[in-house]
Structure formats: C-alpha cells, structure tokens
Amino acid sequence: MESLKNKIEAIIFISDTPVKSKEIADFLGENEVLIRESINELIAAWNEMDSSINIEEIAGGFQFRTKDTFKDLLTEYINKKPYRLSRAGLEVLGIIAKKQPVTKIEIDKIRGVDSVGAINVLIERELIKVVGEKEVPGRPYLYSTTELFLEVFSLNSIKDLPDIEEFGEYEKEAESEI
Amino acid sequence: MSNINDINSKQVDIKLDIFEGPLDLLLNLIKENDLDIYELSLTKITEQYLEYVELLKEIDFDDIGEYLVVAAELARIKSRMLLPDNDAEDEIEEPEINLVEMLKEYKKYRALSENLQNRELLGRDTFKRPADLSLRSNTLWEVQKTDIWKLITSVKKVLQLENYKQVPDIEIESEPIDHAKRKKEIIQNFGIRKIYKFSEIFDLKFGRDNIIVTFLIILDMIKEGVVEINENKEEIEFEYKEG
C-alpha cells in the first residue's frame with residue numbers, strides 16, 4: 001500500500017493549508033513532474049469515487065475539501081458564528097486583489113469613499129497584509145492579498161480572478177449605438 | 001450616570017462603514033431608473049441623490065463630505081447642460097472629478113466583488129480539515145447579503161410620510177431618545193419574535209428622532225451580523241440571528 005500516490009495522499013490529508021507539489025517532491029526526494037502526475041491521478045480517483053470530499057488545487061497547492069452538496073449539513077454540524085464580510089469589505093478586497101500592491105489612497109479613489117474601516121477588518125481577518133511602503137511623500141503602506149485570501153475564495157492564484165475589463169464591456173456596446 | 005449630551009455624542013460617533021459610498025449610491029439610482037452611465041443620466045437622478053444625502057445628514061453620518069463632493073459635481077454637470085454650447089466652455093471651470101469615468105471604473109470592481117461573493121467560499125460552501133471548531137474561526141466565512149440602500153429607501157419613505165404630520169411653526173422640545181435604552185428594547189423584542197416587519201420596527205407614532213435612532217441601531221446590528229434583512233418579501237423583514 002505504500003505507493004508514491006498513497007504517500008502523497010497522506011501528506012495532503014494531514015495538512016491544514018494547501019501543500020505544494022514541490023514541497024512534497026523535496027520531502028520525498030522525487031521528481032516534481034512525477035509528483036504532479038500522481039496528484040492528478042489522485043484528483044481523478046477522488047472525483048470518481050462516491051465520496052463527499054475532493055482534492056482541489058488551491059493557492060498553488062493541494063487540499064482536501066468537502067463538496068458543495070454538503071454545505072448545509074456541515075454548517076449545521078459546526079454550528080459556530082462565521083466571520084462576516086461586508087459588501088464594502090469585499091469591494092476593497094477585490095480592488096487589492098487586482099491592483100496589488102496598492103495604497104489606501106488608490107483604493108479610496110476608486111470607491112469614492114474612505115476605506116479605512118474595511119481595510120482594518122481585512123487585516124484583522126488576515127485576508128490582506130501590509131507588504132511595504134510606497135516611495136512617495138508620506139510613504140503610505142502598500143497592501144496585498146494573503147494566501148488565506150486564495151484559500152477562502154477557492155483560488156489557485158490571483159490570475160484566476162476574472163478580467164474586470166469584461167465587466168465594463170456591455171457599457172461600451174451601448175455607447176457605440178449612440 | 002452619564003448625561004444626555006454624552007449619549008448624543010455617542011450616537012454621532014457611530015462609524016457606519018456599512019455604506020458603500022456615493023458612487024455606490026449613484027450606481028444604484030442609475031440601475032433603479034434603468035439608465036446607463038452618462039452625464040445625461042446623472043442629471044436625471046440628481047434630485048433623488050440629494051434626497052438621500054439629506055437623510056444621511058440627518059443621521060449625523062461621518063463621511064458625508066464625500067457625498068457632498070459628488071453632489072457638487074452633479075450640480076455642475078446639470079448647470080453646464082442647461083447652458084448653450086458656446087457659453088459652456090468659457091464659463092464652467094474644469095471639473096475636479098470625472099464622475100462618469102469614476103462610475104465606469106467603480107462598476108467593474110463592484111462586479112468583481114459580486115463575483116467574489118459567488119465563488120465557492122471556504123467555511124460557507126466547502127470545508128477543510130482540521131475543521132477549526134473555535135468560535136469565529138478563521139475557516140468559517142459568510143458574506144453580507146443585504147443591500148443597505150433598499151433599507152434606506154424605505155426609511156426615507158417613512159420620514160417623508162412623517163413630514164405631512166408635522167404641525168408647522170410649533171416647536172416642541174422633545175426629549176432626546178436614549179440610544180442604549182432603545183437598543184435594549186429592540187433586542188428584547190427580538191427575544192419574543194425572530195422576525196419583524198419593517199413597519200413594526202419603524203413605527204411612526206414615536207416620531208422622527210426615534211425612527212432615526214432605531215435605523216442607526218438596526219444598521220449596527222446588520223453590520224454585526226445579528227440582524228439579517230429579507231428583502232424579497234413585499235415588505236422588508238428583519239430576522240434576528242442568534243449571536
């Protein structure tokens with residue numbers, strides 16, 4: 001039973017954050033391409049199984065997660081108060097995700113409103129972090145999203161976010177009609 | 001015992017970052033009126049926008065400045081459109097902000113935040129192990145569903161209704177409303193019943209100040225996640241979530 005695949009499976013299973021294939025490769029002293037292949041086989045195997053869990057590619061690594069179908073059951077089972085994200089918070093998070101690293105002033109400018117409250121909550125919840133200071137007068141903080149952000153929003157990388165220029169597109173069509 | 005002034009100044013202190021700002025309000029009004037983002041559309045919703053600003057003024061809203069900047073710009077656009085073409089260029093100074101461009105840009109990010117909200121959220125739609133069972137754990141998340149502007153619109157309507165009932169020229173020195181006491185009342189009510197209709201919470205017979213204080217308390221409870229709004233009913237309903 002001690003196949004490479006099963007070793008990888010065990011490592012992913014016990015980890016509380018997504019495990020990167022390189023991490024596993026280094027630990028097992030194996031070629032990363034080979035590890036990647038084994039992980040793909042594992043993902044396929046779990047998909048085919050009549051199971052409530054999957055292996056998903058999150059934040060550049062791999063993680064066991066429950067399927068969407070079980071969300072009501074599990075929410076009821078856990079029965080704890082979740083962290084709440086306000087609409088303003090989500091907006092600020094989206095801007096930071098797209099423009100990072102970004103200063104508060106740049107965020108405020110897009111939203112037309114002061115974002116200090118939302119930024120503080122997002123920092124406290126570890127969805128964003130200060131990554132440096134901008135080399136301009138006043139040296140304002142630069143904010144970026146964290147690994148936890150990718151994990152919470154089920155993203156493999158920031159690049160998986162949709163292209164926001166597409167969201168403005170139908171406006172342009174309307175313009176050309178005039 | 002704290003005196004009345006203390007209580008009043010505390011009310012003013014409530015920082016309501018639950019409001020998403022003037023651009024959000026404008027986009028909502030544009031959508032409600034089935035318009036696209038153009039200067040002409042902005043002139044059509046200027047009056048409505050100013051009505052909301054009046055309400056925000058009334059609740060001693062901290063960030064009113066940003067709403068006023070936009071109000072000034074709306075007024076500028078309107079006055080320029082009223083002038084004949086030749087005069088326009090000479091007499092109206094350059095705008096400080098380009099509202100149409102700002103709205104277009106902002107709209108993209110608002111769409112992105114909706115996209116984020118609809119993603120598979122860890123701790124809401126999917127769960128990982130080890131399941132962190134501690135209170136308010138980092139692996140359980142939810143997103144505010146409520147559109148605050150809908151609630152504000154309803155409150156605005158109530159306050160406008162109430163204007164008709166006011167007797168002109170007679171000023172009654174009304175007793176200031178105790179914020180803490182009113183909050184206790186509301187929570188006690190929710191202890192009896194989990195769901196209240198809008199009209200049950202915002203009762204006209206207690207007067208304008210009471211409505212505004214109640215409104216602030218409810219906003220705070222929505223922000224805390226203690227109260228959720230059901231908007232899909234004919235009348236807005238407030239649902240109490242256990243803490």
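# Notebook: a predicted model of chains A and B

**Entry 1. The end of chain A.** I began with A:Glu166, which belongs to helix α9 (residues 164–167) of chain A. I kept in mind that this is a predicted model. Is A:Glu166 buried or exposed? I found 10 C-beta neighbours inside 10 Å, so A:Glu166 counts as exposed; the cut-off for exposed is 12 or fewer. I then looked up the separation of A:Glu166 from A:Ile12, a residue 154 places away along the chain, and their C-alpha atoms are 36 Å apart.

**Entry 2. Domains of chain A.** I looked up the domain assignment of chain A, which gives domain 1 (4–72) and domain 2 (87–164). The centres of domain 1 and domain 2 of chain A, taken over C-alpha atoms, are separated by 29 Å. The contact involves 5 residues from domain 1 of chain A and 6 residues from domain 2 of chain A.

**Entry 3. Two helices of chain A.** I next examined how α5(A) meets helix α7 (residues 116–124) of chain A. Their axes come within 9 Å and cross at roughly 80 degrees. From α5(A), the contact is made by A:Ala88, A:Gly89, A:Val92 and A:Leu93. From α7(A), A:Ala118, A:Ile119, A:Val121 and A:Leu122 take part. By class, the residues of this contact between α5(A) and α7(A) are 7 nonpolar, 1 polar and no charged.

**Entry 4. Backbone angles in the loops of chain A.** Most residues other than glycine have a negative phi, and most peptide bonds are trans.

- A:Gln100 and A:Pro101 are joined by a cis peptide bond, with omega of about -5 degrees. A:Pro101 lies in the loop between α5 and α6 (104–111) of chain A.
- A:Arg139 is not a glycine, yet has a positive phi of about 40 degrees. I placed A:Arg139 in the loop between β4 (128–133) and β5 (141–145) of chain A. A:Arg139 is exposed, because 11 other C-beta atoms lie within 10 Å.
- A:Ser154, also a residue other than glycine, has a positive phi near 50 degrees. A:Ser154 is in the loop between α8 (147–152) and α9 of chain A. With 19 C-beta neighbours inside 10 Å, A:Ser154 counts as partly exposed, because a buried residue would need 20 or more.

**Entry 5. Where the chains meet.** I turned to the contact between the chains, in which 42 residues of chain A meet 52 residues of chain B. Which element gives the largest share of the side of chain A that touches chain B? Helix α5 (residues 87–99) of chain A does, with 8 residues. The side of chain A that touches chain B divides into 19 nonpolar, 8 polar and 15 charged residues.

**Entry 6. Chain B as a whole.** I looked up the secondary structure of chain B and found 10 helices and 4 strands. Read from the N terminus, the elements of chain B follow the order α-α-α-α-α-α-β-α-α-β-α-α-β-β. Chain B has 243 residues, of which 26% count as buried. Of the contacts in chain B between residues at least 6 apart in sequence, 65% join residues at least 24 apart.

Entry 7. In helix α2 (residues 22–32) of chain B, the buried residues include B:Pro22, B:Leu23, B:Asp24 and B:Leu25. B:Leu26, B:Asn28 and B:Leu29 of this helix are buried too. Just after α2(B), B:Asp34 takes a positive phi of about 55 degrees.

The domain assignment of chain B gives domain 1 (14–143) and domain 2 (144–243). In chain B, 12 residues of domain 1 are in contact with 14 residues of domain 2. To the domain 1 side of this contact in chain B, α2 and α3 (39–58) each supply at least two residues. I noted that α3(B) gives the most to that side, with 4 residues. By class, the domain 1 side in chain B has 9 nonpolar, 1 polar and 2 charged residues.

Note on methods. Residues numbered from 1 in each chain as written. Chains lettered and ligands numbered in written order. Predicted model: local features only at pLDDT ≥ 70, side-chain atom pairs only at ≥ 80, totals over all residues. Contact = placed C-beta atoms within 7 Å. Nonpolar A, V, L, I, M, F, W, Y, C, P; charged D, E, K, R; others polar. Domains from an automatic or database assignment. Axes fitted to C-alpha atoms, helices over the stretch in contact; angles between N-to-C directions.
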